[in-house]
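Please look at the sequence and the model first, then read the points below.

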Amino acid sequence: MFVPHETYNMMKTPKNSFASATTVCLVLAAYVAFAYGYISDMQNDKTSRLTWCTINAQEQSKCLNLSAAVNRDKQKFNPKYFMELVCKQGVNKDDCMTMLDNSAADILSLDAGEVFVGGRYNSLIPIMQQLFEDGSTEYYAVALIKKNTLNDVYNLGHLKGKKACFAGVGTQAGWNIPINTLISKGFMNIFDCNNHVKTTIEFFGPSCAVNSLLDKYNPMGDNSDRLCTICASKVSGQKCTSSDPYAGDEGAFRCLIETGDIAFLRHTTVLEMLNDQSFTKTKENDLELLCLDGSRRPISEYRSCNWGPTPTDAIMTTSAKSSSARISFQKWLQKIVELYGKSKPSQWLTSTPISNWESGQSEFLSNTQNTQNIDKNFYLFNSSAYSNHHNLLLQDSTRGLRSLEESQQTYAKYLGRSMDIVLGVRYCPATRMTLCVTSDPEMEKCIKMKMALKVQLLVPEMQCFRGYSQVHCMQAIRNGNADVAVMDAGDIYTAGLEYDEIPFITEMYDLPEPEYYVVAVAKEEDPSTELTYLKGKMTCHPGIYSGGGWIIPMAFLLSNGWMRSYGCDSIQAASEYFSKSCVPGALSNEYNPGLPYDNLCHLCRGASYRYCKRDATEDFYGYTGALRCLVEGGGDVAFVKHTTVYENADGKRKQWWARNTLSYDFQLLCPDGTRASINDYKRCSMGKVKANAIITRGGEAYNHTEVMAFTNLFMAAQQLYGRKTNDEFTFSMFTSPEPYSDLIFQDATQQLASIDSSLRHYSDWLGQNFMRARRLVDCRAAGTISLPISITTMLISVFCIYLWF
C-alpha cells in the first residue's frame, strides 16, 4: 500500500509521542477505508449489470425493450437484486456460449441439446428452467409431414433419400432425437463415428440442417453441402447458418411447408406456427405426425405420436460465477417474470427500441419520453411484434421460470435421461481402439492422448497396450490384445509378411508424398569419411531393419560391391565391415536369430537392460538418437531422414548435446563419394522410403467398419491435437517431451493421411525398390533364394554321386 512520504518520516522518527502515533493510525485508517470503499464500488458496479447475449436483430430489439421496461420499473425491484440489463448481440448461439465463457456476457437461453454443448465445451451451467402453463418441464420431439405425402414410407428406414428439414445441428428435438432414433433402430448406418453430420448426409437426400458446415460439426472441412441444399437464404454468408430463414424450429416448419418432405421440431412450435399469420393458407388438417411405427396421427395426438420427450430450455451462465451472483441472476429473472409474464396484453410493445446502447452503456431518454414511448403492457413470452418472429429471448410457450438449486446446476443433471440421446448420436460400432506402444515414455504419451481424446468425446474409446517390442505389438494386434500400432517401413514389411497386417494411415512430412529421403550425415570437420568407403568406420543407425537407417543404406553398400554380402546376411556384413556401431536391436533374437555381433552395439549407451534396446529407452535409438550418436557417441556417420538435422540443430532441441550444434556443422555423404550441404538432400541421398504408417489387422481378420472408425478417430484427433507445441499443459500428437523424440509418431509429422485401399498390402505400399532392398539385406525376406551351406553341400554331393554312377 502506498504511504505518503511525510507519514513514513513520522513513523521513522525515534520520538514515539502519542500525537504522532494517533496521526499515523488515522492516516492508515483513512487509506484502508478508501481502498475498501473503492473495491466495494468496483464490485457493486460489476454486479449491478446483467448482460444478455442475443443472436439476431429481432432478439436484440426485444432485449433492449425489456431493458427499458426494467429501468422504468426499477422501484419495483428489491434494491439488493436490481440490475441494469445490457444487451449484447452475438453471431450465433456458439458465439454467445464463447462470450459467456469469456465473461463478455452473463446469461443466455439454450435448447436442451445446446445445454450439453455449452456445458461440455464452454463450462456453462443451467440456473433456471423454463416452465409451461401447467408447470411441466418437458416438450415432445415430433416428425411433421404434409398429409397425403410420403406414401412410400411404411417404416423409418423408408425416409432414406427424403428431403428433411431440421431445426439445426445439435438441437435436441430438431437433431439429436431423430438422428439417435434412426441410428438406434438400425435404419441409419454409421459413416463416421466422430461426425454425425456425415452419417446423416449418407442417409437423407437434399435437406436443410443449419450449422452443418460449422467447424464444430465439420472438423475436417470435408462435409458435403447436401444438408444445406434446400436452405432458403440467398444472402452470401447466411445460407445454412443461424441467420437462414429455415433456422430453428420455426424455420424447420417453414422449410416443410415450402419445399421439404419431413420436418423434425418440437410440438409446441407446430401449434404456434399454425396460428401464425404467415401461414394462413396452412391448416391443421393439412399436416400430420409421423409416428415411430410408421403410422400417421393428427397433430393433436402428439402425446401418443412423438419421437421422445426432452427438457425445456434453460437459462445458462458461466460456472465461473459465484453462488451469490447466480442467486442474484435468479432473483432478477423471477422478478421480470412476475412483472412482464403474467398475461397476454391486447397491445404489444413496438419492435423499435427506445434506448441506444454503446460500449455496454445505456443512454436513456428523459423520464417523460420513456413513459410516453414504453408500452406499459410489455409481455415477456411473446415475440410476434418483432417482425413476426417467434421465441426471442425465451420460448413463447413458456409461462414461468424455475430456479435450479446449486446441486442441480450441471448440464448432466439438467438433461437426465436425455444424456443417453445426446451420447447416442455419437454411438460407434467399434467400441474401443487399443494402441500398442513399446516403451514407458510412449506409454505415458499414449495415456495422455487417451485422456485428450476422451475430453473431446472422440470415439471409439482409445486404450493403450504396453508391448515390449514392435514384433510383440504385431503379435498383440493379430491376437486381438491391440488394434493398431505405428510402424517404420521395415516393420511394416515384417507385419505384412509374417502377420498379415496392413497399413491404413500414413504420416506426412515436408514432401508432397508420404515418404522421406535417406541420407548419410557426417561432421563437417571430418573430411576423411565418405560413403563409398566406410570400412573400419563407426556408424550410427536408428535401429536394426529400420527402413531408412538400415535396409536402404545396407542395400546400397551391398549392391555396389563395397561390402561383402555373406549371402544375404547384412548383420554379419556390417559387423565385419564397420569397426563399431550403434544398431539398437542388433542383439535381439527377434531381429537377429543368428549369432550376436557385439560390436554392432559398442557405441550404444543405454543403461542396464536398456542397452542397445530397440525402443525409446536407448538414448541412441531412432533418427534423433542416431544423430546424437554422431554428435557425442563417437560415430563417423549417421544414417537418418533428411529432416533429422533440421529437427535438432540450430536451437531446435534444448538438450545439452544439441544446444551448440548448427546445421552447417554437418554435411551429406553423396553416393558418388562427394559431399553436399544438408539442404541438398534431393541430389545427395540413397533413395526414398515410405513414411511411418499405422497398421491394423488385414487378411481374413480385416474389419472394414473398424478400419473406418479407427481412421476417423485419428483424423479427428489431429484436427484438435495436431499442432506442434511444447506447452506442458497442451497435448500435441506430433511433439515429444525432451529428452525423448519420435514417441509414437515421428516429430517431423505434419499431418496424417488415409492410405488408399488399393495400396494397403504391404508390398504395394512399400514399393518395388524397397522390396528389392529388403531381399538384399535379409535372408528371411520373401522371395529370397538362399540355402544354408550344409544343405548346399549336400545337394552338390548328391549331384556328383549321380554323375559318378
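The model is predicted. Leaving aside neighbours within four places in sequence, Tyr-623 is in contact with Asp-488, Tyr-516, Pro-542, Gly-547, Gly-548, Gly-549, Phe-639, Val-640, Lys-641, Thr-644, Asp-742 and Gln-746.

**Tyr-623**

- An unreviewed UniProt entry carries the annotation "binding site", and this annotation covers Tyr-623.
- Tyr-623 has a relative accessible area of 4%; buried means under 20%, so Tyr-623 is buried.
- Tyr-623 is found in helix H19, which spans residues 622–632.
- The contacts of Tyr-623 include Tyr-516, whose bridge partner in strand E25 is Val-689.
- Val-640 is also among the contacts of Tyr-623, and Val-640 in strand E22 stands opposite Val-519.

**Helix H19**

- H19 is largely enclosed by the rest of the structure, because nine of its eleven residues are buried.
- The buried residues of H19 are Gly-622, Tyr-623, Thr-624, Gly-625, Ala-626, Leu-627, Arg-628, Cys-629 and Leu-630.

**Strand E19 and its partners**

- Strand E19 covers residues 515–523 and is mostly covered, with eight of its nine residues buried.
- E19 runs antiparallel to strand E25 (residues 688–690), and three bridges join the two.
- Within this pairing, Tyr-516 has Val-689 of E25 as its bridge partner.
- Strand E22 (residues 637–641) pairs with E19 over four bridges in the antiparallel sense.
- In E22, Val-640 is the residue opposite Val-519.
- Strand E23 (residues 666–669) pairs with E19 in the antiparallel sense, over four bridges.
- Leu-668 in E23 stands opposite Val-521.

**A four-stranded sheet**

- Four strands form an open sheet in the order E17-E26-E18-E27, and their pairing is antiparallel.
- Strands E17 (485–487) and E27 (751–754) stand at the edges of this sheet; each has a single partner strand, so one side of each is left without a neighbour in the sheet.
- Neighbouring strands of the sheet are turned against each other by 35° on average, direction ignored.
- Strand E18 (residues 501–508) pairs with E27 over four bridges in the antiparallel sense.
- Ser-754 in E27 is the bridge partner of Ile-505.
- Helix H15 (residues 470–479) lies across E17, E18 and strand E26 (693–697).
- H15 runs at about 135° to E17.

**The protein as a whole**

- The secondary structure comes to 25 helices and 27 strands.
- The protein has 805 residues, of which 54% count as buried.

Key:
Residues are numbered from 1 along each chain as its sequence is written. This is a predicted model: local features need pLDDT of at least 70, side-chain atom pairs count only at pLDDT 80 or more; totals for chains, interfaces and linings use all residues. Side-chain values use heavy atoms; hydrogens and water are left out. Buried means under 20% relative accessible area, exposed over 50%, partly exposed in between (1.4 Å probe, protein chains only). UniProt positions are given in the numbering used here, feature names are shortened, and annotations may be inferred rather than shown by experiment. Contact means heavy atoms within 4.5 Å. Two strands pair if DSSP finds at least two bridges between them. Axes are lines fitted to C-alpha atoms, for helices over the stretch in contact, and angles run from 0 to 180 degrees between N-to-C directions.
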